[in-house]
Amino acid sequence: MSFHPKMAYDATFHRSSRELEDEGPPFAYSAENRARFDEILKRYPRDQKRSAVMPALYLVQEQQGYITANGMRHVAQLLEITPADVEDVVSFYTMFYTKPVGRFVVQVCRTLSCALNGAERVTEELSAKLGIAPGQTDATRTFTLLEVECLGACDRAPVVMVNDAWHERLNPEDASKLVDDLKSLGETALSGCHLVVERQTR
């Protein structure tokens, strides 16, 4: 007598829904980025090269706008780790993009402090102005709109990060104007992290 249930003949098996990353064109660092990569490696012991994986990936993203499978393989080869090791990092951190994004990546914090101060309405206003939903890029590839978790400025909520720059205390009523200002002024339209601003004005 077996305690194991009989397997039905029409049983189905779980299949992973994981999608393989875009292969992309052949990738290698430009001469300038290879020099920057070599400088980065000097910060780590020779037997800890893998610790440079995140800055190495930032160089890939900076060079081609997003990270492809070929970009991951290039990093893996230089750091002497497996492509799977690199993909684990890319898939874990939201700041790495595996699809093309716009010139301005607009990230709205949706965690508690920002949510209580109107972040959802900020997202709605930005979405209406841009004509895209969170997670999408507009047809001109100028803007990508994302909702993200805590950006670390809870006392200045709601916070929006555009590329690597900040805009703090963005009222929903001013969200549309921010888009217009980004189009005309670029990242200089952003308020910046108040700690950095205060440090620069001292």
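Tutor: Start with a cysteine. The sulfur of Cys154 is 4.0 Å from the closest cysteine sulfur, in Cys150, too far for a bond. Bear in mind that this is a predicted model.

Student: Why is Cys154 called partly exposed?

Tutor: Buried means under 20% relative accessible area, and exposed means over 50%. Cys154 has 43%, so it falls in between and counts as partly exposed.

Student: And which label does Cys114 get, buried or exposed?

Tutor: Cys114 has a relative accessible area of 3%. That is under 20%, so Cys114 is buried.

Student: Why is Gln61 called buried?

Tutor: Its relative accessibility is 11%, under the 20% limit, so Gln61 counts as buried. Gln61 lies in helix α2, residues 53-64.

Student: What does the side chain of Gln61 reach?

Tutor: The backbone oxygen of Met95, at 3.1 Å. The cut-off for a polar contact is 3.5 Å, so the distance passes. Leaving aside neighbours within four places in sequence, Gln61 is in contact with Tyr66, Ile67, Met95, Phe96 and Tyr97.

Student: Now helix α7. What makes its buried residues line one face?

Tutor: First, the residues: Ala175, Leu178, Val179, Asp181 and Leu182 are buried in α7. Seen down the helix axis, the buried residues fall within an arc of 165°, so they line one face.

Student: Which exposed residues does the face turned away from that side carry?

Tutor: Lys177, Lys183 and Ser184. The buried residues of α7 pack against β1, α6, β2, β3 and β4. Just after α7, Gly186 takes a positive phi of about 70°.

Student: What makes a set of residues a nonpolar core?

Tutor: They must be buried, of the nonpolar kinds or Tyr or Cys, and joined through side-chain atoms within 4.5 Å. The largest such core here has 33 residues, and Val106 and Leu126 have the most contacts inside it. β1, α6, β2, β3, β4 and α7 each supply at least two residues. β1 gives the most, with five. Apart from this core lies another, of 22 residues, among them Leu41, Ala52, Val60 and Leu79.

Student: Which residues is Val106 in contact with, sequence neighbours aside?

Tutor: Beyond four places in sequence, Val106 is in contact with Leu126, Phe143, Thr144, Leu145, Leu146, Val160, Met161 and Val162.

Student: How many helices and strands does the chain have?

Tutor: Eight helices and four strands. Along the sequence, the pattern is α-α-α-α-β-α-α-β-β-β-α-α.

Student: And what are the totals for burial and surface?

Tutor: Of the 202 residues, 40% count as buried. The accessible surface comes to about 12900 Å², with 52% of it belonging to carbon and sulfur atoms.

How values were computed
Residues numbered from 1 in each chain as written. Predicted model: local features only at pLDDT ≥ 70, side-chain atom pairs only at ≥ 80, totals over all residues. Heavy atoms only, no water. Buried < 20%, exposed > 50% of the residue type's maximum accessible area, 1.4 Å probe, protein only. Contact = heavy atoms within 4.5 Å. Polar contact = N/O pair within 3.5 Å; in protein donor to acceptor, adjacent residues only side chain to side chain. Arc of directions from axis to C-beta. Disulfide = S-S within 2.5 Å. Areas by Shrake-Rupley, 256 points an atom, 1.4 Å probe, with all protein chains shown as cover.
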